[in-house]
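Subject: Structure handover

Hi,

Here is the structure for you to open alongside this email. My notes follow below it.

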Amino acid sequence: MAFDSSAPWSRMIALIDMDCFFAQIEQMDNRNWFKKPVAVTNGTQGTTIITCSYEARAFGVHTGMRLKQARQLCPGLIHAPSRPYRYAELSTRIMEGLIDITPDVEVFSVDEAFLDLSRCQSLYQGATDIGYLIKKRVWQVSGLHCSIGISGDKTTAKFAAKKAKPDGLKVIHPDLAAEVLASEVVTALSGINKGIGRFLRHYGVERCGDMKKIPMSLLAKRFGHLGRRIWLMAQGLDPEPLNFNVKAPKSIGHGKVLPPKTAQKNIILTYLQHMSEKVAARMRCFCYQAECFFIGLKTERGWLKTKARAGVYTDDGQVIYQLCKAFVDFYWAGQGVWQVQVTALSPRQGKQLDLFAQPDLQREHLNQTVDKVNYRYGELTLAPARLLQKSTMPNVIAPAWKPKGHRKTI
């Protein structure tokens, strides 16, 4: 296919994917671990690997593997407990640095971002030049390597970045995207899972090049708008725009896994109070309040749960915890618990004042003081006395993490 490679693209999208992000940070911060096999788990007591370095992957170690099994494959494996706040700090630095390349940035996850370069092509010398400038900028602000894919749509750019790993750059010109993707199995594209793959295989579609053999309407009838997008994705024509807006939350929640079959009421209440305080602090941070809360205990027979109403809109952890305590007193019969969950439902931004209720200004001032201290010196530096007895409960970075807005959640 003949095309002018120097001409501006009608649309230019880049996907930046940090290589083994958490493990790479651990290797950077611990110089003796550089180029050594490192596996990151959720805290010191974590037994499942959440990511590992390429040196560890060379031994067959992978995400989701048990640490014990990984050490059998790689006896010299270094165990690194996760440090979510450090990862979030560097991610924020990277995402803010990308704005120097283009203002059109979609933070896709803590270690991935889409850049729409369409409007700023005249400032650079083509896609390859932009790609290396992005890599240089990421290195300047973080000292970390990344892989970059550039094409004319989000799906092909993400596919290209995956092909470029590690520390690479792959450019797929939009006019060649359909040709490049044609021989790839459809499930190699982000968003096409095994279930969709089985449906497509039933109609003779196994590879992207087969997609044009079936009408778009067949997929649209089965999957709606997603079906139409899938049909176009396979041909390098994904129409999905970048999403720059963080939607208001439908819920704000936190949960923790307990030691299996925990039946001590005091421990269960400690976990529930911890989650209550985390939910409340997060609501206060972004000026949300809620009146209804989901409270749940996961037992051997499933979830024991309720939707408890506070009667007023609140962002006070003490009020939320009292709902949890009442729930445990009324519903829990001593069975073993595996997990707890506390979630504020349909939170509203701004103070929600009840016509007849008087605000507790003393509690509000106390919470404001606690938030200031904890923000400066670390989570739960000031906390209810019960939480001084809490077991190790490592934080995690939420899948919907964003460097700004309510989704900045750890």
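First, a term: two strands pair if DSSP finds at least two bridges between them. Helices (H or I, at least four residues) and strands (E, at least two) are DSSP runs, numbered from the N terminus. The model is predicted, so local features need pLDDT of at least 70 and side-chain atom pairs pLDDT 80 or more, while totals for chains, interfaces and linings use all residues. Residues are numbered from 1 along each chain as its sequence is written, and side-chain values use heavy atoms, with hydrogens and water left out.

The sheet. Ala14 stands opposite Leu115 in β6. Strands β1 (residues 13-18) and β6 (residues 112-116) pair in the antiparallel sense, over 5 bridges. They belong to an open sheet of 5 strands, in the order β5-β6-β1-β7-β8 with mixed pairing. β5 (105-109) and β8 (169-171) stand at the edges with a single partner strand each, so one side of each has no neighbour in the sheet. From one strand to the next, the twist averages 15 degrees.

The helices on it. Helix α4 (residues 84-98) lies across β1, β5 and β6 and runs at about 5 degrees to β6. Axes here are lines fitted to C-alpha atoms, for helices over the stretch in contact, and angles run from 0 to 180 degrees between N-to-C directions. Helix α5 (residues 127-142) packs on the sheet and touches β1, β6, β7 (146-151) and β8. Contact means heavy atoms within 4.5 Å. The direction of α5 makes about 155 degrees with that of β7.

One residue elsewhere. Asn367 sits in helix α13 (residues 361-377). Asn367 counts as buried, at 9% relative accessibility (buried means under 20% relative accessible area, with a 1.4 Å probe and protein chains only). Leaving aside neighbours within four places in sequence, Asn367 is in contact with Arg284 and Asp316.

Best wishes

Conventions: Buried < 20%, exposed > 50% of the residue type's maximum accessible area, 1.4 Å probe, protein only.
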